[in-house]
Amino acid sequence: MAKRIDVSDLNVYYGTFLAVEGVNLVVEPRAVTAFIGPSGCGKSTVLRTLNRMHEVTPGARIEGKILLDHENIYGPDIDPVNVRSTIGMVFQKPNPFPTMSIYGNVVAGIKLKKRTKKSELDDVVESSLRGANLWEEVKDRLDRPGSVLSGGQQQRLCIARAIAIQPQVLLMDEPCSALDPISTLAIEELIHELKQQYTIVIVTHNMQQAARVSDTTAFFNIAGTGKPGKLIEMNTTANIFGSPSEKATEDYISGRFG
Amino acid sequence: MTQLLSPQVQPPLGRSSRPRDAAFAGISRGSGIIVLFTMGAIGAFLLWKALPALRANTVPFLTSTQWFPDDPQPKFGIAALAFGTLLSSVIAMVIAVPVGLGVALYTSHYAPRRFAPTLGYVVDLLAAVPSIIFGLWGLQILMPNSIGLWRWFDQHLGFIPLFNNSQNIYTRSIALAAVVLAIMILPTVSAISREVFNQVPPGHIEAALALGATRWETMRTAVFPFARPGMVSAAMLGLGRALGETIAVALILSATFSINWHVTEPGGNTFAANIALKWNEAGNIGLGALIASGLVLYIITFAVNMAARVVVERRRDFSGAN
């Protein structure tokens, strides 16, 4: 179920502006990889190239290669729509579809792909919501709109929606930055459980969070405004936080800048 | 801390009068009341002017198709007018709503970035063209050039009563008026729905794309449900304009007082066109009769808008407004 991602020589552009330059990294399956770094360093941009969401922005494009196991997801015969249903994504701001019920939100992705029997959908809804640790809280009001839930519940609903289509990889773009500490804890516990089955990449501003949830950490940095962001260092989380090999990494994680 | 920033001036904590707040509240409340009052006053005026004529009428006002209000025995009814008004407006809607939504969707989500605003302006400009121009265009250009189309409908789809034409005359028809109406309401429908399509939060669109939705599936999953109340409003505003459109319809139709489902045949009439055409030659009862028909149009427009409200309100919880 989980696949490995191999990024080589990745340059990311918005129009003619080079936003991120020369990224090489490997995301291991069944593990959590965290992207950290100051604002504007391109960590979210890189994350969005991993499921071809980057190119949704007009003028945005990339150079380089991103392999999912051995297949280049930017290959000429690749349909970005299929890439996105293979690599799920959870966004910074919880974004359940406001016009759909809780149930409808969870099955939204499945309904796009094929007609499915009601009983099967029921099963998917329960297993996805259980997977997102939300089932007990919403099982009696599945027909209510997703917008009646709290922010943390909405984010877990978005995770349920993402895992309902059984992706190979789950990308999370600062999933807790709009949440209170208790909801954040709930999501972090969930990430721990999800990594048994999924490859997870999480972008976070919160270094404690990166230290708590991730196995591997990548530190991105930017030399100055208008300069491209770069991957400075990537290593096991213990090494990045314990004995970083780059001065910039050490400065950042010890709070000297950023 | 500097002297400048230290807490010095103690504002009194008691209640103080705020004249600007009060003035603003008064103005907004007053505006609201004026709107309600105006609506009520228009209805009351129409009813007051219409009552003498309605009393003198010798045939049922709602179901009769005759229009001889200034006879010694006044005979007038709105059945043919209501039929023509509703039929032409409904046909106009059937044409204009899908096209208008298509244009709106194209300008908001499909057109290339450089090109989209221009297209939007052009569509908006269409709304600024005076209706007499549309009427003249319909009469001088569209009518002679559309005869072949209506004949084709008659010959190939004539088994459907709507397209049947037993007179073999294909001009000055309800269908022609409806096409002109459709073009007139197209910018209304399209401009409003474009605005609501543009208001769909990018987060919802990204959510759909990230689930593996194609462009069209994204529209269906994230854009249309969110924009639905706005789309209904757009259609209803268009319908309101079609129901009340006067001069273009008066130019095109050859006024008759009959209920004829063969929409490509000459004839038919609408409330507004009839009032415009008959006003100058009407006598005392005639004016009252025209005003009575205006009252019915007023009520129909009102009912249409209320119905639209109900449709929008019914799924309020799911509107995304909360």
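Predicted model: local features only at pLDDT ≥ 70, side-chain atom pairs only at ≥ 80, totals over all residues.
**Entry 1: cysteines**

I began with a search for disulfides over all chains, and the whole structure gave me zero.

Next came A:Cys158. For this residue, too, the closest cysteine sulfur is in A:Cys176, here at 12 Å, so a bond is ruled out by distance. A:Cys158 is buried, and I noted a relative accessible area of 3%.

**Entry 2: nonpolar cores**

Which residues have the most contacts inside the largest nonpolar core? I found B:Trp67, B:Ile78, B:Trp150, B:Val180 and B:Phe271, in a core of 58 residues. Several helices of chain B supply at least two residues each, among them H1 (19-56), H2 (79-110), H4 (131-157), H7 (215-244) and H10 (284-314). The largest share is that of H5(B), with eleven residues.

I then picked B:Ile78 and listed its contacts, leaving aside neighbours within four places in sequence. B:Ile78 touches B:Phe61, B:Leu62, B:Ser64 and B:Trp67, and also B:Phe271, B:Ser293 and B:Val296.

There is a second, separate core to record as well, with 51 residues. Its members include A:Ile36, A:Leu112 and A:Ile202 from chain A, along with B:Ala222 from chain B.

**Entry 3: helix H7 of chain A**

My last stop was H7(A), residues 181-194. I checked its span: the 14 residues reach 20 Å from first C-alpha to last, close to the 20 Å expected at 1.5 Å a residue.

Where does A:Asp180 sit relative to H7(A)? A:Asp180 caps the N-terminal end, with a side-chain oxygen 3.0 Å from the backbone nitrogen of A:Ile182.

For burial, I wrote down A:Ser183, A:Thr184, A:Ile187, A:Glu188, A:Leu190, A:Ile191 and A:Leu194 as the buried residues of H7(A). They span an arc of only 160° around the axis, so they sit on the same side of the helix. Turned away from that buried side, I found the exposed residues A:Pro181 and A:Ile182.

Finally, I asked what covers the buried residues of H7(A). The cover includes strands E3 (32-36), E7 (169-173) and E8 (199-203) of chain A, and helices H4 (118-131), H6 (151-164) and H8 (207-213) of chain A.

Technical notes:
Residues numbered from 1 in each chain as written. Chains lettered and ligands numbered in written order. Heavy atoms only, no water. Disulfide = S-S within 2.5 Å. Buried < 20%, exposed > 50% of the residue type's maximum accessible area, 1.4 Å probe, protein only. Core = buried A, V, L, I, M, F, W, Y, C linked by side-chain atoms within 4.5 Å. Helix = DSSP H or I, 4+ residues; strand = E, 2+ residues; numbered from the N terminus. Contact = heavy atoms within 4.5 Å. Expected span 1.5 Å × (residues − 1). Arc of directions from axis to C-beta. Polar contact = N/O pair within 3.5 Å; in protein donor to acceptor, adjacent residues only side chain to side chain.
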